[in-house]
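Student: Can you walk me through this chain? I'd like to start with how you decide what sits inside.

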Amino acid sequence: MIHPIQIFFLFLVLSKSLLSVPKLESELKYLFLFIGDGMGNSQLHLSRFAYPENEIVFLQFPVIAMVSTESTTVITDSAAAATSIATGEKTYNGSICISADKKRKLVPISKILAKKGYRIGIVSSVSLDHATPAVFYANAYSRNQYKQIGEALFSSDFHFFGGGGLKKFGPKEMKKSLLKNNFFVSHDPNEIGSLDLDKKVYLTPREYSSGSSLSSEINRATDQLSLAKVVGAAIDHLSKRESPFFLMAESGKIDWGGHSNDAAMVASEIQAFNHAISEAMDFYNRHPNETLILVTADHATGGLGLGNDRLKKASHYELLKNQKIGEWEFDLKMQIWWKEKRSFTSLLEEIERFFGLSPKASELPLILSEKDLQDLEKAYQESFLSEDGKYKKFLSNKVTELMSEKTGVGWTTTDHTAEPVNLFALGKGSQNFQGFYSSNEIFFKILELIEP
Ligand SMILES: [Zn+2]
């Protein structure tokens, strides 16, 4: 016969064992996928050398892998590369989530996770219909079907979109379509926190226009929206009431810097990317057992080399910080100066103002030699005094070329390249990502974690 006291003790032992049952290993609840468009290994380390005072946070991640990037061709574009990462399938360049034989619409990881109850956020520093973000919510035979891609965004039930505008929709038209589809359009990351969790959000700078981006980091005013601010707002909104979420955030202008062989732009955009990843790190530190952060690139751009023949073993990467404007933005100014028929001498002042390059520069490597001045004047004549009377882009190109030459950067192309990129992983399931593999494996590795 069992004594009531024994029952009491049995109860105590049972309840204690119940309480001390080791908790099931927590599921992957929070997933970050950061894609640095065009961020090859040299691009990343150029940024590290140019800004030695700032730690690149993801270089400290415990898992660093090597990922080959080819699509159905050896050199990929961003559309096929993002499709590979998001769906596990290699496809043709230009495909937005369409199979290589053009017969199937593919389903990206974002939509698989949404079905499982994750809230989804899509962020990019460039326009949100750009190839990389588009793959995660749209299907299109060509990355240039911007209207169709924009409409897919309007009808999406993802909870957060943040970054630039849309190419085929002016601000008014875009806002109207977003409101009609129950989006809250915001220009202020601080107001996201107080929104109801069911609200769909589109966060974009106040000064947005069709196809606009976030300001390039190199010439961003302190009150302009940064990638880090957008990522911070996305985390605030997606994590409401501890809901599981997936956030894909792209830095799109590392690639643009590569395409225009603009070393300072590449280095500064990677710094902005790094700040955005720091936001995810803050979140990870609060939820280390349920969070996975992946940082990778879709491909490298520009064939950037750390070293050139002009300088041999010398390098002055920190001097890239003397450049205060992106080549692309500088060229917009150049077009205005062309209309104003500015003289070569007056343009030399602008070149000194925005790049620090001058015959009398205080930093020795930035001094313009007689030969440099001749090259610049030749480029000026080709740009400003061409026979057909049309503006040409030689001078702004020449200035960034000199900046690369004088700081020790080399380039092989203005297009994408075939070398593998890195993947950095931290947190829940990060060990899954160790090794050398192709970009489509990223999809299967994520899937293994959510469908064990
Ligand atoms: Zn590109």
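Predicted model: local features only at pLDDT ≥ 70, side-chain atom pairs only at ≥ 80, totals over all residues.

Student: OK, which residues of α8 are buried?
Tutor: Leu227, Ala228, Lys229, Val230, Val231, Gly232, Ala233, Ala234, Ile235, His237 and Leu238. That makes 11 of the 12 residues in α8, so the helix is mostly covered. Helices here are DSSP runs of H or I with at least four residues, strands are E runs of at least two, and both are numbered from the N terminus.

Student: What do the buried residues of α8 pack against?
Tutor: They pack against β3 (119–124), β4 (160–163), β6 (200–203), β7 (245–251) and α10. Contact means that the C-beta atoms of two residues, placed from the backbone, lie within 7 Å.

Student: What comes in the loop between α8 and β7?
Tutor: Arginine 241 is in that loop. Its phi is positive, about 50°, although it is not a glycine. Arginine 241 is exposed, with 6 other C-beta atoms within 10 Å.

Student: Where is lysine 341, and is it buried or exposed?
Tutor: Lysine 341 is in the loop between α11 (327–339) and α12 (344–355). It is exposed, with 8 other C-beta atoms within 10 Å. Lysine 341 also has a positive phi, near 55°, and is a residue other than glycine.

Student: Back to the strands. How many bridges join β4 to β6?
Tutor: Three, and the two strands run parallel. Glycine 162 has leucine 203 in β6 as its bridge partner. Strand β5 (183–186) also pairs with β6 in the parallel sense, over four bridges, and phenylalanine 183 stands opposite lysine 200 in β6. Two strands count as paired if DSSP finds at least two bridges between them.

Student: Switching to domains, where are the bounds?
Tutor: Domain 1 covers 30–304 + 414–450 and domain 2 covers 308–410. Those bounds come from an automatic or database domain assignment. The contact takes 16 residues from domain 1 and 17 residues from domain 2.

Student: Which elements give two or more residues to the domain 1 side?
Tutor: α2 and α10 do, and the largest share, four residues, comes from α10.

Student: What about α2, which of its residues are buried?
Tutor: In α2 (41–50), those are Ser42, Gln43, Leu44, Leu46, Ser47 and Ala50. They pack against several elements, among them β1 (30–38), α9 (253–259) and α10 (263–286).

Student: Last one: what does the whole chain look like in numbers?
Tutor: There are 15 helices and 13 strands, and 49% of the 452 residues count as buried. The C-alpha trace spans about 110 × 50 × 45 Å along its principal axes.

Terms used:
Residues numbered from 1 in each chain as written. Buried ≥ 20, exposed ≤ 12 C-beta atoms within 10 Å, placed from the backbone.
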